[in-house]
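Subject: Structure handover

Hi,

Here is the structure we talked about. Please take a look, then read my notes below.

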Amino acid sequence: MDMKWHPIENGDLSGIPQNEDILFTIFDERHHENYVATGWILEHEGELEVRGVDPWGLNSNETKKVKAWMEFPSPFHPNDCNMCTL
């Protein structure tokens, strides 16, 4: 399983794949700690942001709070679980 975090410097999200779910490390200013969240890049009015699910639900995050990203390790695929029924 190949897992590699890619650091994000100065909020530059340009090298991150768009339109796919990936993992992000985000700094929470309120609790002064980092957490990992599933998310995706969203362009809104010409600005990029990270939209995703974190411990408090669905949120948008400013680029300055996003510290690193990583693609899901193979063979994991988001939303590919058949253990749950809706």
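Start at Glu 49. Leaving aside residues up to four places away in sequence, Glu 49 touches Leu 13, Trp 40, Ile 41, Leu 42, Ser 60, Asn 61 and Thr 63. Bear in mind that this is a predicted model.

Glu 49 belongs to strand β4, which covers residues 47-54. Its relative accessible area is 18%. The cut-off for buried is under 20%, so Glu 49 counts as buried. The side chain of Glu 49 also makes a polar contact of 3.1 Å with the side chain of Arg 51.

Now the sheet. Six strands form an open sheet, in the order β1-β6-β2-β3-β4-β5, and the pairing is antiparallel. The edges are β1 (6-7) and β5 (57-61), and each of these pairs on one side only.

Next, the pairings one by one. Seven bridges link β2 (residues 22-28) to β3 (residues 33-44), in the antiparallel sense. Phe 24 has Ala 37 in β3 as its bridge partner.

Then there is β6, residues 66-70. Four of its five residues are buried, so this strand is mostly covered. Two antiparallel bridges join β6 to β1. Four antiparallel bridges join β6 to β2.

Which residue of β6 is the bridge partner of Pro 7? It is Ala 68. Ala 68 is also the bridge partner of Thr 25.

Best wishes

Definitions and conventions: Residues are numbered from 1 along each chain as its sequence is written. This is a predicted model: local features need pLDDT of at least 70, side-chain atom pairs count only at pLDDT 80 or more; totals for chains, interfaces and linings use all residues. Side-chain values use heavy atoms; hydrogens and water are left out. Two strands pair if DSSP finds at least two bridges between them. Buried means under 20% relative accessible area, exposed over 50%, partly exposed in between (1.4 Å probe, protein chains only). A polar contact is a pair of N or O atoms within 3.5 Å; within protein, one must be able to donate a hydrogen and the other to accept it, and residues adjacent in sequence count only if both atoms are side-chain atoms. Contact means heavy atoms within 4.5 Å.
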